[in-house]
Amino acid sequence: MASTSGSSASSVRRRRVDGRKTEAECADSGGEHGAESSEHTEEEKRRQTLQTGTYWLTRVVLLRSVAFIYLVAFSVAYNQNKQLIGEHGLMPCKKYLESVKRYVGGKIGMAALAYTPSILWLLDWSDMDANLDAIALGGMALSALVLVTGMANMVIMVTLWVLYHSLVNVGQLWYSFGWESQLLETGFLAIFLCPVWTLSQVPRRCPPSLICIWTFRWLIVRIMLGAGLIKIRGDKCWRDLTCMEYHYETQPVPNPMSYYMHHSPWWFHRFETLSNHLIELIFPFFTFLGRRMCMVNGAIQILFQVVLIVSGNLSFLNWLTIVPSLACFDDACLGFLFHSRGGAKKAVLEIQNEDAAGCTPTPTKGMWIRRVMNIALGVLIGCLSVPVVMNLFSSRQVMNTSFDPLRIVNTYGAFGSITKERTEVIFQGTLSQDPKDPEALWEEYQFLCKPGDLYRRPCVISPYHYRLDWLMWFAAFQTYEQSEWVIHIAGRLLSNDSAVLSLLDHNPFQGRETPRWVRGEHFRYKFSPPGSSSAAQGKWWLRKRIGAYFPPLDLEGLRGYFQSRNWPHPHIQPKRS
């Protein structure tokens, strides 16, 4: 009897030292709480209210948000990769991989994988278009699964990260934008939000790591500081508060709201520029000032990105930047996004009540390994952040740069300088025998979204992304010698190439003879003033010719140019009588 009593006392002592209750005691505790709840409504209300400091629902929101961006990015890839980097694309990825292979010694091994990490090395190159489609479709399917269900595991998230990495690393110029690296970094962090195998919105034995939450917060801090500092150190107009007088008209792909924002009063543009500096340079530090201030920063950053989304077509950049801002909120803040009787919210309430009653599950070997992984993640991000932080403090700050081949931690920034005038390259074709004939009729090609036709309303495509339209914006303030791919496009237009024409909105020679000559004309574009006669006629834009961007070209004349660059020459049509 004494022995039994001693054993029982020892068990109680062990339980109290652990701070946990047995399953039976938890069940009894639950019953006691149930009995008391009828007498103590305050206690019942507490048990039905999400508590602060946990991130179960935050994880669901983060995973769904990352999956949404992945879905958009893979959709863009599926619709445009074949034309841009496919077998007959403007910059075939197969040729790029072959050049890398030669550079590393002629073998596909670790050197090649390290130089250009991509699973395309391991696939059959006889049908590269099929490979690109398979990667894009696989990414779309997996990201849609996570978006719809809110469930993911490390296997799925690693697969998405590897698939998109494989496209970015062979995408060359077409994937050279800062948001590609930002998506890869965000996707990498999302891997550590998930259990290894389990598919559950609220996996009880895999609580969201506070370290992982802080890596997302650190990401939004770096994004904002990078963008703010590059502006202060860059164009003078950011310091004299006049940049926003030009931005809406000269940004890569304006939308209809850009027209009205551009014509706002001067004092509103000053307010916008000053607000931009505060949001990018001051509010990020709120992240480190406790829960309330962290949430203030998160809310302001999200609102800021929404304003940018409304005022222009900046691909999925602003949508993507919202994602790490969501990590500033805990379950108590995000509970309103979930149905009160939904499984996820109910499960989190049960977990919080169990934790309050001391019924947390005993850590398993897997949970201990997971904690070590989370610590390793924090150390890795900390080490890789050193050159990024040094770049932020450097007077020679660079933006949108990766310091490691896997793009795990990168430096960001946008619009360090603002163009004061908008110029556009307009492709024109003619059937005339003599391109110098003053009677020659030159007809214009129209791109899907970039300005061209003066009467066409600016498009709304965000978060989708037309890669060619965006690159045409860069080409307009360079020369064709700096953007030789423009001449490649001209050659394709001369043969009515269906791949390139699928990236355009209007082909004036549709169903007709192929053009004999194609030229590039350089124009200066401005928004038409509201209330003017031009606006009354339905013109969104006014333009003035600057000069020729590239001279009239025909297929025969391009033969040597194409051969010298190892480009496949478009089929030369028989001479017409």
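User: In residues 135-163, how far apart do the end C-alpha atoms lie?

Analyst: The model is predicted: local features need pLDDT of at least 70, side-chain atom pairs count only at pLDDT 80 or more, and totals for chains, interfaces and linings use all residues. Residues are numbered from 1 along each chain as its sequence is written, and side-chain values use heavy atoms, with hydrogens and water left out. Residues 135-163 are 86% helix and 0% strand, where helices (H or I, at least four residues) and strands (E, at least two) are DSSP runs numbered from the N terminus. The end C-alpha atoms of this span lie 6 Å apart.

User: Which residues does UniProt list for "transmembrane region"?

Analyst: The entry is unreviewed, and such annotations may be inferred rather than shown by experiment. UniProt lists residues 56-78, 104-123, 135-163 and 372-393.

User: What is the strand order of the open sheet of 4 strands?

Analyst: Two strands pair if DSSP finds at least two bridges between them. Strand 3 (residues 422-430) is joined to strand 7 (residues 517-527) by 9 bridges and to strand 4 (residues 443-444) by 2 bridges. Strand 4 and strand 8 (541-553) each pair on one side only, as edge strands. With antiparallel pairing, the order is 4-3-7-8.

User: Which residue in strand 7 is the bridge partner of Thr430?

Analyst: Strand 3 and strand 7 run antiparallel. Val425 stands opposite His522 in strand 7. The bridge partner of Thr430 in strand 7 is Trp517.

User: How many residues of strand 3 are buried?

Analyst: Buried means under 20% relative accessible area, exposed over 50%, and partly exposed in between (1.4 Å probe, protein chains only). Arg422, Glu424, Ile426, Gln428 and Thr430 point one way from strand 3, while Thr423, Val425, Phe427 and Gly429 point the other way, and all are buried. Strand 3 is largely enclosed by the rest of the structure because the buried residues number 9 of the 9.
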